[in-house]
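Open the model in your viewer and keep the selection tool at hand. The tour moves from one stop to the next.

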Amino acid sequence: MRTTDTADLWYKNAIIYCLDVKTFLDSNGDGMGDLPGVAQRVDYLAGMGVTCLWLMPFYPSPLKDNGYDVSDMFGVHPALGDHGDVVELIHTARDRGIRVIVDLLVNHTSDQHEWFRQARRSKDNPYRNYYVWRDDDPGDTSAEAMFPEAEDGIWTYEEKTEEWYLHHFFSHQPDLNTANPEVRNAIAKAMGFWLQLGVDGFRVDAVPFALNESTLKHLEDSDLAEPHDYLRALRSFLQRRSTTGGSAIMLGEVNMPYEDQVAFFGGEGGDQLTMQFDFLGNQRTMLAMARQDAGPIRQTLRERPSNLPVDTQFANFLRNHDELALDQLPEEEREEIFAAFGPEEDHQLFGHGLRRRLASMFKGDPRRLKMSYSLLFALPGTPVLYYGQEIGMGEELSIEGRGAIRTPMQWTSGKNGGFSSAVPSKLVSPLTEGSFGPRHVNVADSRRDPHSLLNHITHLAHIRRESPEIGWGSVELLEQPNDAVVAYCCSWDEARTVLLHNLSPEPAVVPIRLEGEAPGTMLADLLENSTLELDADCRTEANLDGYGYRWLRVKREGDPRLI
């Protein structure tokens with residue numbers, strides 16, 4: 001099979017970059033990043049090897065939850081630009097070979113959304129059934145609160161109508177009643193609108209909460225046979241209305257065990273989410289990093305479903321825009337990670353997450369950071385970067401909650417890190433201070449340093465794009481004696497690549513045996529100028545430095561690829 005045969009499944013070999021428009025680049029000096037600012041940096045993203053840009057919410061919002069409290073699904077926050085700026089950004093990105101996806105909020109709105117303003121006026125308002133209400137006291141629901149530091153339950157009393165409304169997140173984010181066909185139609189209409197403007201799909205927020213038990217209770221008033229029919233309907237609509245030949249995607253936030261994630265892909269039919277973030281894999285990877293033992297990563301590669309439909313995919317990440325969630329791990333394993341990477345109470349959030357960036361968790365160790373990003377790009381699936389990761393940005397713990405990792409992008413060592421010309425007091429967020437601040441960590445300096453993390457990630461991105469077997473292929477774990485090393489082989493069609501990573505500061509020798517290959521077959525290192533040769537038993541050995549890594553492509557006689 002040739003890669004050109006699968007161009008419509010572009011996301012399986014993509015490099016996704018997530019950014020917050022508000023904190024990326026301010027083009028007009030008002031202290032807040034904006035869409036024209038992002039457009040000015042599209043060439044930077046293209047040069048890095050990014051092929052898909054994920055824009056966090058830029059819609060009108062009171063900004064009580066970083067824009068995830070949307071008050072108009074069809075609009076653009078006036079401080080960030082207008083619809084024309086969205087179209088120009090999409091056009092500029094597409095001209096550089098970059099697709100654009102945007103956030104889709106299916107679970108809740110802001111309490112300032114006109115739907116909720118109407119709904120809370122009276123019980124017989126036409127928008128009342130857009131949300132989930134109850135007239136009996138729900139009692140103590142504190143154990144169900146996602147943010148126990150901010151909310152004491154998932155129901156809030158509305159005095160005017162003397163009923164409670166549901167909110168799995170903050171009380172200013174009432175949950176939508178997705179069992180209501182009018183709600184589902186409104187969300188589909190919003191999808192169609194943004195697809196018509198040229199987006200290539202959606203990152204779908206908080207998917208399981210939109211198909212929750214409270215929705216089930218409303219199904220008797222709905223035409224849904226069961227909640228997952230809603231995802232099927234959205235996927236079908238997406239494919240019909242896509243302006244890019246039916247290749248638009250839905251990338252879902254589903255922080256659940258693998259057996260549950262299969263259902264959100266649509267099982268064997270693959271008719272629901274196109275992609276899902278691998279939260280369990282992320283959490284086990286952090287456990288492996290903390291232990292300097294690759295066992296949890298090997299466990300992930302063994303347990304991750306392998307019989308999924310060909311057009312589905314997992315998305316891998318080391319850090320995202322929220323707290324580093326550890327909620328799928330047992331308490332004792334969470335404590336191991338806290339001890340290694342977030343020992344101070346101020347480092348932790350909600351009792352099951354970290355509000356730190358990777359560079360500071362690793363104390364700026366360049367060997368460990370480079371190995372970690374090599375692992376991210378080498379894991380089967382699609383890699384996702386969060387803005388600032390490529391230069392090793394840190395967090396600012398003086399900012400409350402998740403805001404600690406949402407500081408302005410650091411472009412230069414100059415005023416405001418090159419983010420904005422505004423006076424510092426006008427910035428949308430304080431800058432990161434200290435050794436990870438813009439004076440020491442910025443794009444301009446990183447581009448001039450051939451050994452920088454930025455240039456390392458750029459190299460990885462370009463090699464990853466030339467290695468479709470990682471995004472497409474089957475995975476075979478390779479047995480070897482060193483607990484700190486994860487070794488596996490990705491195979492697709494005729495392509496075969498061996499990926500090795502050492503999570504320990506101690507060097508290691510990794511034995512490799514590739515059954516089915518001919519003696520004398522070469523293994524070409526994709527990251528440096530070296531080769532290995534298989535002996536008569538199809539064996540060889542690879543040396544790994546402390547925190548070392550190697551990508552070894554099987555190179556047979558007549559192989560047309562460059563390496």
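Helices (H or I, at least four residues) and strands (E, at least two) are DSSP runs, numbered from the N terminus. Residues are numbered from 1 along each chain as its sequence is written. This is a predicted model: local features need pLDDT of at least 70, and totals for chains, interfaces and linings use all residues.

Select helix H9, residues 258–265. Tyr258, Gln261, Phe264 and Phe265 are buried there (under 20% relative accessible area, with a 1.4 Å probe and protein chains only). Look down the axis of H9: the buried residues fall within an arc of 105°, so they line one face of the helix. That arc is taken from the directions from the helix axis to the C-beta atoms.

Now show what covers these buried residues of H9: the cover includes H6, helix H8 (228–241) and strand E9 (275–277). Step just past H9 to Gly266, which takes a positive phi of about 105°.

Next, go to the largest pocket, with about 880 Å³ of space. A pocket is an open set of points on a 1 Å grid over the protein atoms alone, where a 1.4 Å probe fits, with protein on both sides within 12 Å along at least five of seven lines; lining residues have an atom within 4 Å of a point. The volume is the space filled by probe spheres set on the points, which are joined across faces, edges and corners. Select Met146, His168, Phe169, Pro208 and Phe209, the closest to the pocket's centre of its 38 lining residues. Then pick helix H6 (207–210). H6 gives the most to the lining, with 3 residues.

Note on methods:
This is a predicted model: local features need pLDDT of at least 70, side-chain atom pairs count only at pLDDT 80 or more; totals for chains, interfaces and linings use all residues. Side-chain values use heavy atoms; hydrogens and water are left out. Buried means under 20% relative accessible area, exposed over 50%, partly exposed in between (1.4 Å probe, protein chains only). Contact means heavy atoms within 4.5 Å.
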